[in-house]
Amino acid sequence: ENHARVNMENAREEAGLNANEGAKGIPDRHRPLNLPQWGVPGLGLRQSSPVWSDLLVLKWLLGLCVGFPIVCFWIKSNLKKNKEIQKNAYLAAFQLLYLMPTFHIVVKATQIWYFNGLAHKETTAFERVFDKVDGLPGIAKIAFASQIWKFFISMGEFDLAWPEFLGSQLLSTVLSYWTMSVPYMQYYAVYYFGACELTNLPLAAIDLGRYYPSTIGSGMKGVVDIGLKVLFASLFVYFRVYGWFFMSKQVYEDTMFILDAKNLPAGFEYPCPREVVYGVVVMLGMFSLLNVAWLWQIAKEAKTTLFGGKKKKGKSSSSNSKSSAGRGQPPARKGTRSSARKKTN
C-alpha cells in the first residue's frame, strides 16, 4: 500500500513537472532525442552570428589591417641604414604585429586554464562538450580576427605563403568561428587555442634571430640561442605532443559519448549542426598529423645542433613550427622573395 502511494505521488509530481515545462517552452524530457542534423548552410554560419556585428572581432581585424602598413612605413622610414631589415620590411612588420594577438590569447588562456583551475576541474563528458567557459569567447574572437588577417597577409610574402601554412590558417579560422558562435567544445578550445600558443613566444625570438642575423642574431648566439631552442622544443613536446595526445583522445571519446542517444537526456537538442560535430574531430586529426611532422623536424634540428652535421640551405630550427592548431611563426623557405625573382629574370 505504501509502495503504491509513493508511485502515485511520483507520477503526480512528474505530470506537474511536464506541465510546467510545457508552459515555459522547455522541451519535454521524454520526447525522442533530437540528434544533430546536416544541411545547415555555410557549415554552421548563421545570419545572427556574432562575427558580423561583434566589436571585439572588428576592432582586432581593423587594428591589424590598419597597423600593418603603418608598421611597414615606420620600418622603412626609421631604419634606413639597416639594409637587412629594409630588404624585408614586410616580413618584419608581420612578425611584430602578429605577436600582439598571440600574446593576448596566451595571457587570457593561461589565466583560465591554470589560474582559474579549469585544467584541474572535475568535469563530465557532457560538461566538457556543451558547457560554456567564461572568457573563452574573447579568445576565439581574437583568434578568428587574427587568422583572417594572417591568411591574406601571408599570401603577399614568399616566406609566408606555404600551402600547408595557409591551409592550417583556414582550418583555425573555421574552428575559432564555430567556438565563438555555438557553445560546443569550449573546454577544449581553451587548451588548443590558448595554452598551446605558449610555444610561439620563444619561437618568435628564434625566428627574429634567424631572419635578421646581423641585426639581432649577433646577440642571440651561443647560450641564449640554444636556451631558446631548448625552451621551444620542451614546450612543443609538452603541449603539442604529450598534452595534445591525451586531450585529443578525450575529445574523440567525448564525441562518441554525446552521439550515443542513451547518454543524453530525452528531448535534448544539440546546439550545433552535425558538420560541426564531425568537423572538429577531422580537423583535430589533421592538426595532430602536422604536429607529428613538425616534431620530426625538431628532432632533426636537435640532432644537428647537438652532434653537428651539415644543415641544408634555408632550413632552420623553426621549420617545424607552423604550429597549431597551425598558428606559429612561419618557416624559412629555400631562398627569399628577392632571390626567387632573380632566378626568373
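Student: Why are Glu253 and Lys249 separated by about one helical turn?

Tutor: In this predicted model, the two residues lie four residues apart in helix α10, and therefore about one helical turn separates Glu253 from Lys249.

Student: What makes the pairing of Glu253 with Lys249 a salt bridge?

Tutor: The closest N and O atoms of Glu253 and Lys249 are 2.8 Å apart. The cut-off is a Lys or Arg side-chain nitrogen within 4 Å of a carboxyl oxygen of Asp or Glu, so the pair qualifies.

Student: Is Glu253 called buried, exposed or partly exposed, and why?

Tutor: Glu253 has a relative accessible area of 41%. Buried means under 20% and exposed over 50%, with partly exposed in between, so Glu253 is partly exposed. Lys249, at 42%, also counts as partly exposed.

Student: How many salt bridges does the whole structure hold, and which side chain does Asp254 meet in one?

Tutor: The search finds four salt bridges. In one of them, Asp254 meets Arg128, with 2.7 Å from N to O. This pair links distant parts of the chain, with Asp254 in helix α10 and Arg128 in helix α5, 126 residues apart. Both Asp254 and Arg128 are buried.

Student: How do you know that Lys229 and Glu301 form a salt bridge?

Tutor: Their side chains meet at 3.9 Å, N to O. The limit is within 4 Å, so the contact between Lys229 and Glu301 counts as a salt bridge. Here too the pair links distant parts of the chain: Lys229 belongs to helix α10 and Glu301 to helix α11, 72 residues apart.

Student: Why is Glu301 called buried?

Tutor: The relative accessible area of Glu301 is 10%. Buried means under 20%, and Glu301 is therefore buried.

Student: Which residues have the most contacts inside the largest nonpolar core?

Tutor: They are Trp113, Tyr184, Val190, Tyr191, Tyr192 and Ile258, in a core of 50 residues. The elements that give two or more residues to this core include α4 (89-115), α8 (186-194) and α10 (223-258). A second, separate core has 20 residues, among them Ile75, Ala92, Ala93 and Ile153.

Student: What does Tyr191 touch, beyond residues up to four places away in sequence?

Tutor: Tyr191 touches Trp113, Cys196, Tyr238, Phe239, Gly243, Trp244 and Met247.

Student: Which residues form the nonpolar patch on the surface?

Tutor: Tyr114, Phe115, Tyr238, Tyr242, Phe245 and Phe246 form the patch, with about 730 Å² of accessible area together. Helices α4 and α10 each give two or more residues, and α10 gives the most, with four.

Student: Why does Phe246 count as partly exposed?

Tutor: Phe246, found in helix α10, has 46% relative accessibility. That value lies between the limits of 20% and 50%, so Phe246 counts as partly exposed.

Student: What secondary structure does the protein chain have, and what share of its residues is buried?

Tutor: The chain has twelve helices and zero strands. Buried residues make up 45% of its 345 residues.

Student: Where does pLDDT stay under 50, and which element has the lowest mean pLDDT?

Tutor: The value stays under 50 over residues 15-48 and over residues 312-345. Among the elements, helix α12 (residues 337-344) has the lowest mean pLDDT, 38, whereas α8 has the highest, 92. For the whole chain the mean is 75, and 71% of the residues reach 70 or more.

Notes
Residues are numbered from 1 along each chain as its sequence is written. This is a predicted model: local features need pLDDT of at least 70, side-chain atom pairs count only at pLDDT 80 or more; totals for chains, interfaces and linings use all residues. Side-chain values use heavy atoms; hydrogens and water are left out. A nonpolar core is a set of buried Ala, Val, Leu, Ile, Met, Phe, Trp, Tyr and Cys residues joined through side-chain atoms within 4.5 Å. Buried means under 20% relative accessible area, exposed over 50%, partly exposed in between (1.4 Å probe, protein chains only). Contact means heavy atoms within 4.5 Å. Patches are made of residues with over 30% relative accessible area and no salt bridge: like charges are joined within 9 Å, nonpolar side chains (Val, Leu, Ile, Met, Phe, Trp, Tyr) within 5 Å. Accessible areas come from the Shrake-Rupley method with a 1.4 Å probe; for residues, only the protein chains shown count as cover. pLDDT is the predictor's confidence in each residue, from 0 to 100.
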